[in-house]
Amino acid sequence: MTTCWVIYNGSLVSDKFADQANLVAEAAERAGVRAAIKKNYEVMMDLSEALALPDFAVMLDKDILLGYFLKSRGVPVYNDPAIIDLCDNKATQYIRLAEYGLPMPKTIIAPKVYPNFSIRDSGYFERVIAHIGLPMIIKEGHGSFGMKVYLIEDEAAFYKKVEELSGVDFVFQEFIASSRGRDIRVNVVGERIVAAMYRHSETDFRANITNGGKASPIELTDAQQKMALDAAKAVGAVFAGVDLLYGHNEEPLVCEVNAAAHIRNILNVTGVNVADAMIAYILEELQ
């Protein structure tokens, strides 16, 4: 019988991470695959010892080193750790999306500034403000569920935030006022859209459900479908949660691509269990 590991991060105490793993493991079992749920620390990355390994692994975590470890031992990992690595840092992800010409908010990658140092008097930040304008968005490279994303409305807040972020990867991004508090989440599996939902918030500039947003099913336009598929393809993700914004004329813009997207909310909203499509894709690819 085909076997798989479904891996999530055991250091995170929220039940939603174990729930995500259960959804995928149950889908695997329905497809005739013997699934074992593993907390990431339960897989000892001992480079000197042999390890009994599964036929494939579904990586629901950002423990990229574990993904590379399993791949080095011949285990197919979904998504590939290099893809999770790319998408985990918004700065590297936006560089890739821009390379493929994907429409997105005007974005500037912040230069590396070491902790306890500053480039405040260099004139660089004045150029950023002049180019993007205020209000703007500042996003840390690493962050999920809308966390570490800041709406910066004036220069005082701007300079305070950039000084706080010395030593951190982050980006400056145009604030798309037409998409304030609303976006679209599209789940893509193997170059096919399997589910989508519209998210909106009356109280926050972010639409994430974790931050209090609400969601409903949505029928995507042709332009939205193409944008989501193109974004997933650009980063190389076979499983992706693509977030789209509404541009000034309602045209779709790529907000970001999640290579370890959670699927519980979209199941609750649409009735579509993305995990079934994920397992079906893997089994077909491994034939």
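Axes are lines fitted to C-alpha atoms, for helices over the stretch in contact, and angles run from 0 to 180 degrees between N-to-C directions. The model is predicted, so that local features need pLDDT of at least 70 and side-chain atom pairs count only at pLDDT 80 or more, while totals for chains, interfaces and linings use all residues. Residues are numbered from 1 along each chain as its sequence is written, and side-chain values use heavy atoms, with hydrogens and water left out.

**The helix pair α1 and α9**

- The axes of α1 (residues 15-30) and α9 (residues 274-286) come within 8 Å and cross at roughly 55°.
- That angle makes α1 oblique to α9, where under 35 degrees counts as roughly parallel, over 145 as roughly antiparallel, 65 to 115 as roughly perpendicular and the rest as oblique.
- In contact, meaning heavy atoms within 4.5 Å, Leu23, Val24, Ala27, Ala28 and Arg30 of α1 meet Ala275, Asp276, Met278 and Ile279 of α9.

**Helix α7**

- Helix α7 (residues 222-235) has 14 residues and reaches 21 Å from its first C-alpha to its last, close to the 20 Å expected at 1.5 Å a residue, a span taken as 1.5 Å times one less than the number of residues.
- Gln224, Met227, Ala228, Ala231, Ala232, Ala234 and Val235 of α7 are buried (under 20% relative accessible area, with exposed over 50% and partly exposed in between, for a 1.4 Å probe and protein chains only).
- The face of α7 turned away from its buried side carries the exposed residues Asp222, Lys226 and Lys233.
- The buried residues of α7 pack against elements including α3 (81-88), α4 (90-99) and β9 (182-189).
- Just after α7, Gly236 takes a positive phi of about 80°.

Note on methods. Helices (H or I, at least four residues) and strands (E, at least two) are DSSP runs, numbered from the N terminus.
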